[in-house]
Amino acid sequence: RLAVETDCAEVKPEYISAFKDYGIKPSMLRFGIGENVKAAFGPYDERGYNSAGKKYIFGVAEFIKANLKVSNDMKFVFVFTSDTCKPEDAADLVRFLTLNPNDENAVGSNGVNYAAERVKLGLDKPVDIECFEIGNELDMQYYGRDDDGFSEGADEYINWADSMITAIKSVNPGAKTSVHSYTVPHDSNTGYRYKIWNEKVIGALGEKADYVVLHYYYHYGTGFSSEMNENRINTELLTYINRIDEDKRPKIYVSEHAIWGPINDEAKNSQDIYKVTSLQGTLTTAEVINRLV
């Protein structure tokens, strides 16, 4: 809404100038789509609708073009945020984003050259995609199940993610993929279930995926950064990653991390909301990054 005109897919100049005026030049941006992925990367007049019944105005091409104007060497991560995405649609998106029109894999099963469609939309070169993220915290949809049901949920994710990786690699063998580790093992309501999820997912997909995704939100001050380093990475991830032969191990990709700010209406109206970007908050985030390095 802030980035594009309301009645077309043209990017507003104010969007570009906001980055440049403040000297912000991101090196990589992560974005994604849930349902009906394919409806978001065709020509504007042929665009489909999202699950809320709204037409995709700011589609994949517009997002990329806008941000390449901010930084012409930008890298991207694309997230398939919902397991409703069909592998064949994921394959066509990979064609659209990463291939040249003369590539024999650029043509989908419906006869459409998706790389050529990208060129028509003003993106002459393949987009620099660091990886395709398979799902976003999808383990959380199984939290309400008992342990056996949760284990079955892990199997459901594995089956879907495996089919997605296979589809992506069939189009572009060099494309990188990432799969999700357990989201909130430090939540008292979820107990030790990270062992079920991480053992299953990393065991089944660790050699196929390039990255295992970690999400971590922390509070202000010291201690939380060391917890991320010592517990979340060493205990929750490396325990299972290190079972894989060294030359086949995935890397850890922290695709989300930040201070967990106020989330209810009362807290949002308090001064605490400013702590996220205060000196205290900034130093906490800096400590996390330093420990990761």
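## The model and its overall make-up

The structure is a predicted model, in which local features need pLDDT of at least 70 and side-chain atom pairs count only at pLDDT 80 or more, while totals for chains, interfaces and linings use all residues. Residues are numbered from 1 along each chain as its sequence is written, and side-chain values use heavy atoms, with hydrogens and water left out.

The secondary structure of the protein chain comes to 9 helices and 6 strands, where helices (H or I, at least four residues) and strands (E, at least two) are DSSP runs numbered from the N terminus. Of the 293 residues in the chain, 45% count as buried; here buried means under 20% relative accessible area, exposed means over 50%, and partly exposed lies in between, with a 1.4 Å probe and protein chains only. Among contacts between residues at least 6 apart in sequence, 70% join residues at least 24 apart, a contact being heavy atoms within 4.5 Å.

## The nonpolar core and Tyr-157

In soluble globular proteins, nonpolar side chains tend to be buried together. The largest nonpolar core of this model has 64 residues, of which Val-60, Phe-80 and Tyr-157 touch the most other members. Such a core is a set of buried Ala, Val, Leu, Ile, Met, Phe, Trp, Tyr and Cys residues joined through side-chain atoms within 4.5 Å. Helix α5 gives the most to this core, with 11 residues.

Leaving aside its neighbours within four places in sequence, Tyr-157 is in contact with Ile-134, Leu-138, Tyr-142, Val-179, His-180, Trp-197, Val-201 and Leu-205.

## Helix α5 and its two partners

Two packed helices are described by the angle between their axes and the distance between the axes. Axes are lines fitted to C-alpha atoms, for helices over the stretch in contact, and the angles run from 0 to 180 degrees between N-to-C directions. Helix α5 (residues 147-171) packs with helix α6 (residues 193-205) at an angle of about 25 degrees, and their axes are 10 Å apart. That makes α5 roughly parallel to α6, since angles under 35 degrees count as roughly parallel, over 145 as roughly antiparallel, 65 to 115 as roughly perpendicular and the rest as oblique. The contact includes Phe-150, Tyr-157 and Ile-158 of α5 and, from α6, residues including Ile-196, Trp-197 and Val-201.

Helix α2 is mostly covered, with 8 of its 11 residues buried, among them Val-60, Phe-63 and Ile-64. What covers these buried residues includes α1 (13-21), β1, β2 (75-80) and α3 (87-98). With α1, α2 packs at an angle of about 35 degrees, the axes being 9 Å apart, and the crossing is right-handed. Tyr-15, Ile-16, Phe-19 and Lys-20 in α1 meet Ala-66, Asn-67, Lys-69 and Val-70 in α2.

Lys-69, which is found in α2, is exposed, with a relative accessible area of 51%. Not counting residues up to four places away in sequence, Lys-69 touches Ile-16 and Lys-20, and the C-alpha atoms of Lys-69 and Lys-20, 49 residues apart along the chain, are separated by 9.7 Å.

## Two loop residues

Most residues other than glycine have a negative phi, and most peptide bonds are trans. Phi of Glu-137, however, is near 55 degrees, a positive value in a residue other than glycine. Glu-137 lies in the loop between β3 (129-134) and α5 and is buried, with a relative accessible area of 18%.

Ala-52, in the loop between β1 (28-33) and α2 (60-70), counts as exposed at 60% relative accessibility.

How values were computed. Left-handed = near helix turned anticlockwise from the far one by under 90°.
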